[in-house]
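Here is a short briefing to keep beside the structure as you look around.

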Amino acid sequence: SCGAIELTALHSDPVTYHRRAKHIRQSGTDDYFFSVMLDGTGHFSQNDRAVRHDTGSVLIYDSARPYSYDYLRPYKALLLRAPRHMVESRFRGARDLGGTLLSAGAPQSGLIRALISNLIETAREDDLPEAFVTPAIDLIANAFTMGAPLSGASQDRRGAALDKVKRHMLE
């Protein structure tokens, strides 16, 4: 754990889980998770998206919304858990991205994998101050935004923001 951010190297036996509204109400968890699959394959669904979480791919999911996963074989993954306010203040459209996957071949996946892996290794040797880890969320948000397809609403907001910047530059 690094301040409000939690880093985990996970080794798990096969598991199936369905997080429903009652689990959300009972847990009080209000975080986003970035999951990097190191070894294994699983099926994940959230926000009407069903994806195959393969080795090397990066998944974002929202603990405050229902989701399901099914990992039929043992797997290894890296997890970064960050509070909602921290992610949403840096990551336009984060609310719409639960269940979105960056493929293993995307350059952004490699960047996120290396960053989370290095943070975990560094945290094993010494406590990391939140001021050190917080910029990692900025990098991950930007990498994910560049690599993930945007929903129509997010695309519209992004286009409006770009138009505003262009107008300002021309004045």
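In this predicted model, five strands each supply at least two residues to the lining of the largest pocket: S2 (15-19), S3 (31-39), S6 (58-62), S7 (67-71) and S8 (75-83). The pocket's volume comes to about 250 Å³.

**The pocket lining**

- The largest pocket is lined by 18 residues, and those closest to its centre are Leu-10, Tyr-61, Tyr-69, Tyr-75 and Leu-79.
- Sorted by class, the lining holds 13 nonpolar residues, four polar ones and one charged.

**The helix pair**

- Two packed helices are described by the angle between their axes and the distance between the axes.
- For helix H3 (residues 107-125) and helix H4 (residues 130-147), that angle is about 165 degrees and the axes lie 9 Å apart.
- Angles over 145 degrees count as roughly antiparallel, so H3 and H4 are roughly antiparallel to each other.
- The crossing of H3 past H4 is left-handed.
- On the H3 side, the contact is made by Gln-108, Leu-111, Ile-112, Leu-115, Ile-116 and Leu-119.
- H4 contributes Phe-132, Ala-136, Leu-139, Ile-140, Ala-143, Phe-144, Met-146 and Gly-147 to the contact.
- Which classes make up this contact of H3 with H4? There are 12 nonpolar residues and two polar ones, with no charged residues.

Notes: Residues are numbered from 1 along each chain as its sequence is written. This is a predicted model: local features need pLDDT of at least 70, side-chain atom pairs count only at pLDDT 80 or more; totals for chains, interfaces and linings use all residues. Side-chain values use heavy atoms; hydrogens and water are left out. Axes are lines fitted to C-alpha atoms, for helices over the stretch in contact, and angles run from 0 to 180 degrees between N-to-C directions. Helices (H or I, at least four residues) and strands (E, at least two) are DSSP runs, numbered from the N terminus. Angles under 35 degrees count as roughly parallel, over 145 as roughly antiparallel, 65 to 115 as roughly perpendicular and the rest as oblique. A crossing is left-handed if the near helix is turned anticlockwise from the far one by less than a right angle, and right-handed if clockwise. Contact means heavy atoms within 4.5 Å. Ala, Val, Leu, Ile, Met, Phe, Trp, Tyr, Cys and Pro count as nonpolar, Asp, Glu, Lys and Arg as charged, and the others, Gly among them, as polar. On a 1 Å grid over the protein atoms alone, a cavity is a set of points where a 1.4 Å probe fits but cannot get out, and a pocket is an open set with protein on both sides within 12 Å along at least five of seven lines; lining residues have an atom within 4 Å of a point. Grid points are joined across faces, edges and corners, and a volume is the space filled by probe spheres set on the points.
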